[in-house]
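Reader: I would like to learn how to read pockets. Please take me through an example.

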Amino acid sequence: MRNGFLLFLMPLLAASCTQPAETSSAGLIATEDSSYYQEKYRLAYHFTPEKNWMNDPNGLVYFEDEYHLFFQYNPDGTKWGNMSWGHAVSRDLAHWEHLPLAIPMVGDTMIFSGSAVVDQHNSSGLCEGESCLVAIYTAHTDTNQSQSIAYSNDRGRTWQQYAENPVLDESMKDFRDPKVAWHEPSQQWIMTVALPTEHKVRFYASSNLLQWDLLSEFGPQGFVDGIWECPDLFPLPVSGTDEEKWVLIVSYNSDEGSDMQYFVGDFNGTTFTNNNTKDLVLTLDEGQDNYAAVTWNNAPQNQRLIIGWFNNWKYAGDIPTSTWRSAQTIVSSLQLRQYPEGIRLAMQPVPALEQLRQTPAHHENVQLREGDDFLSVENIQGTQLEIIAEFAYEAIETPTEAEQLAAEFGVKVFKGEGQETVIGYDVASQSLFVDRTQSGDTSFNDSFASRTIGLMPADSGTVKMHIFVDHSSVEVFGNDGYVTMSNRIFPNPQKDEVEIYARGGRVTLQSLDIWPLRSIWSAATSSSSVSSTP
Ligand code: FRU
């Protein structure tokens, strides 16, 4: 039986062990004693391919009760190559069902990243009925990148290449990652696509997905080193106001590694205008491992749902998994919020993940001091956990030694002799950090052992850490998504204690919840057992 399920709170041991087989909302039987998806470092509730290499999420679209996740996939190996679109669907954003390869390479043309739309009224003429799915991707050869389309009349199960491909060819070597969405005010399709080496995105318009007209360009602005990839443009209300803004997300890859920035502004159907100064760089995720994240088209209730590639080009080919490589992050929803410094994106995990929770450990109002390890008596352990910890600290003007405030506090996971991953708050710099320098195997790449930091002013004196731990990953949402940090780790799974700590003084742990989370995988979800028309 898997460590993450077996060991948690000792008092809960019996409950964990007798957990009955669960029927997921996708109707799949998730037994916990299966050997499926049990390899070292295999994530239990994140999407990973059964085997081989995966990178960017592609073609995110909600259609007829299914969230589609296509992804850059090498059907023939664990390194990048032969890029094709792999495929999975979810009905609830927590459980995923593998489906057969969706769009394979055509000759020596690779199928690079792109998007998918519901062609509601058969604007393309490619639908057999009233509507169908159309994928718009980059056709990549060594000398040229152009935009091509494929279409599906059976809910994404099988795909045909459009006979007149490509639909947009500007004879450029670097011109990729089209994100297409319907623009209601101007009643046309808008394509947002990257000119990677020029640090620009371009906007094109079409009435039928087949002919495209150039509208405008944006950039260079923000972070302009390296290359720009995987743009996404969408409207989003500013929470608590009647205002709507447009957000432009751009991934960038440089010698420093892979990261993502976003711009907040206006889009009038033709041009995007950045509301901030040209040089301001707003970062979507302060961790090392969230790249090429894009949002779902047509998500219900106007939600803006996002998923990213849980990796970094700096070391993606080196990460120490053998038969499969890479994961996607959990799904989050995006909001725009008004903060003192301006309108910013906030990211929150989707509530659907709550269904994976098992019996929690709960604590309130614990006064923590350096050296306290109040949880150790309860022997809290686990490799697939959700943790919500809320800390409060209040400065006293002339504190006695006993009243001295902590300089740092937080949560340590995957802790044991010589190993820990620290999720901490540094009071002096008002920043949240994740330190993976002692997190386990860091030897596979020199740049892996690192500490990531995100400024998170806690004027009210409260710091909330919402943490997802999954065998080889840690995602942290600080102060309800003000800061997000996604990092991969490769720990020794035997060293799986959780510790709440304070350093240099006291802090109040206002509340703490720790849930073991169920696995979403079982042999029943494997592609070999999934028919193409469920
Ligand atoms: C981003 C990216 C995209 C490209 C794809 C190729 O990670 O480089 O620009 O379409 O990966 O796999």
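Reader: By class, how many nonpolar, polar and charged residues does the lining of the largest pocket have?

Author: Rolling a probe the size of a water molecule over the atoms shows where empty space is left. A pocket is an open set of points on a 1 Å grid over the protein atoms alone, where a 1.4 Å probe fits, with protein on both sides within 12 Å along at least five of seven lines; lining residues have an atom within 4 Å of a point. Here the lining has 17 nonpolar, 11 polar and six charged residues. Asp, Glu, Lys and Arg count as charged, Ala, Val, Leu, Ile, Met, Phe, Trp, Tyr, Cys and Pro as nonpolar, and the others, Gly among them, as polar.

Author: This is a predicted model: local features need pLDDT of at least 70, side-chain atom pairs count only at pLDDT 80 or more, and totals for chains, interfaces and linings use all residues. Residues are numbered from 1 along each chain as its sequence is written, and side-chain values use heavy atoms, without hydrogens and water.

Reader: Which element gives the largest share of that lining?

Author: Strands (E, at least two residues) are DSSP runs, numbered from the N terminus. Strand β16 supplies the largest share, six residues.

Reader: How much space lies in the second largest pocket?

Author: A volume is the space filled by probe spheres set on the points, which are joined across faces, edges and corners. The second largest pocket holds about 310 Å³. Among its 18 lining residues, Tyr262, Thr283, Glu286, Arg344 and Tyr482 are the closest to its centre. β25 gives the most to this lining, with four residues.
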